[in-house]
Each structure stands twice: as C-alpha cells, then as structure tokens.
Amino acid sequence: MSQLRILDGGMSRELIRLGAELRQPEWSALALMETPEIVGQVHREFIDAGADVITTNSYALVPFHIGEERFRSEGRSLIELAGKLAREAADGRTERKVLVAGSLPPIFGSYEPERFDPSRVQDYLKVLVEGLAPYVDVWLGETLSLVAEGDAVRAAVAATGKPFWISFTLADEAEALEGDAPKLRSGETVAAAAAWAAGSGAEALLFNCSRPEVMARAVAAAAATFRERQVDIGIGVYANAFEAEETEGAANETLHDTRADLTADLYSRFACDWVEAGASIVGGCCGIGARHIHNLACTLRG
C-alpha cells in the first residue's frame, strides 16, 4: 500500500470556525442535530484542501457523548445522516475519487482503555456499522487505546466485506518521548499492536489523536514489525494539536486547548518525517484544519 493518501483533518474545530455551536458532552454530534449543513461544508472544504479520504462525523455518536437513551432513540438516524453527508460530499467531486471512511470510535470513551467492556461493545458497534455501511468505502476504527478495541472493530465489520483500517492513540506525555519503545495509551507496545495488525486482515495501521512528536517512532516500530513478518500493510498518521497536558480526563468533560505553535508549515514538516519513516496515509486529527491539510497535500505531493 505504497500510494500516498491524504486524510482530512479534525472535524470539531472546523465546525466551530464555520459557525456551528459545540458543547460537551455532545460535542461534534450536536452539529448533526442542529446544523448538518455545516458538517457537509466541512467535508467539502477538506476535499478542496486536497483530502483523498474524508471521515464520517460519527465519532461522538455513542452513549459516552449523547447518552444511552438518545443513542437508542436517535442514534441510528444520526449515524445514517453522518454517512449520507460524507457520501454526498465525496460524490460531488467528479474530477477525482474521494473515499469515505466510516468512523468507529472507542465506544466507552477516548483515552480510557480501562472502561472497555468486551461483553457490551458489539451491541453499540453493530448500530454504527449498520447505519454507516451503505455510505462508506473503508472502515476506520480510530483513537483506540488498546488492542482489544481494535479486535472488536475487526469483528464488527467482518461481514460487510469492506476493508478496515485501525488507528491507535499513543501515550504522548513527556516520558513517552524518552521511553524504550512507543506505546499505546493502554501501555501495550506499538510492536505488539503491529503484530496483531499483521494477522488481523487490516488494510492499514494508523496512529492518531496524539502529539506529532511521538508519531515517527511509532511508524518506524510498526514498519519494522511488518518487515519482520513480511506483510504489506499501510501505515498512517493523523496527529492532534492538543496542548501536552490536554489528553488528561474524559474526552466529553472539557474543551481542550490547542497549540499556537503548530502552524501548517510545522505540521507539514512533521508529516515529512512520518513519510520518511514509512507512512503512506497522512492527515490530521483534533485542531488540524483545512489550512493544515492544504499545506500538507501541497508539501507531500510536491
């Protein structure tokens, strides 16, 4: 999977920039309820910026964000709307192919591997998969903190016949930059996650929603594992722009601050390092907007 693909960036800050109201705990799900036209506009702006793949705005469509009762009563219709908006934006481009990735988030909360419940996870993933399936080209299990979450996504999408990508979030505190081996937020090593991916049937292994500074080591570790096992699996990165301490606490409790220093030029320089380390899929996560993606696409394609 050597062809370079550009992903979109983070949805939520672009929604705010274009005038949508976001608040916790619903966060980006609120835009689907109140201003879905702005969700479609964000998708189109990322495509204009150069994205080859756009991601459905389904990340917050889980009880962790919208509550159990609303998930049961409105979840399916909101999930379908998220898929429809992305599909319409992608199909509106006739001069090039744009793929839609179906976002399958950590069901029980971002950065909270200890809350993962294998006995209940498929109940929720099933609703997401069934609602998104008519609209997506590839599945994207994203911001997963432990390998078991990735395996749950693998099982949930197996019957759809569509390829799946798995993206893990990394430990990115200061100590993680100096540790012996890059790790997921669960403490599992990237090498162990890559070994699982090598036998999972995943088309790509990605790393997202962590600081840019920790990504290159993870890419290199994954690439080494894939070489050892002689498997051809794509590697991707889409980092966030959070301040170093901003991944502490539940993701539906507060509004995270973003870094002022992470300009489009600086982010593109990080991306060049990731590609050199072996990444072939590159985009942005929280706080990385259309301006960053445009600069990224121009830099990497140039």
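Why is strand 7 (residues 234-239) largely enclosed by the rest of the structure? Six of the six residues of strand 7 are buried, so the rest of the structure largely encloses this strand. Buried here means under 20% relative accessible area, exposed means over 50%, and partly exposed lies in between (1.4 Å probe, protein chains only). Helices (H or I, at least four residues) and strands (E, at least two) are DSSP runs, numbered from the N terminus.

The model is predicted: local features need pLDDT of at least 70, side-chain atom pairs count only at pLDDT 80 or more, and totals for chains, interfaces and linings use all residues. Residues are numbered from 1 along each chain as its sequence is written, and side-chain values use heavy atoms, with hydrogens and water left out.

Strand 7 is covered on both faces, with G234, G236 and Y238 buried on one side and I235, V237 and A239 buried on the other. Strands count as paired if DSSP finds at least two bridges between them. Strand 7 pairs in the parallel sense with strand 6 (residues 204-208) over five bridges, and N208 stands opposite Y238. From strand 6 the chain passes through helix 9 (residues 215-229) to strand 7 in a right-handed β-α-β crossover (with the strands pointing away from the viewer, the path from the first strand over the helix to the second runs clockwise). Strand 7 also pairs in the parallel sense with strand 8 (residues 281-284), over four bridges, and here G236 stands opposite I281.

Contact means heavy atoms within 4.5 Å. Beyond its neighbours within four places in sequence, F168 is in contact with residues including L144, L184, W196 and F207.

K97 lies in the loop between helix 5 and strand 3 (99-104). At 57% relative accessibility, K97 counts as exposed. Residues up to four places away in sequence aside, K97 touches D52, R87 and D137. K97 and A279 are 182 residues apart in sequence and 21 Å apart in space, C-alpha to C-alpha.
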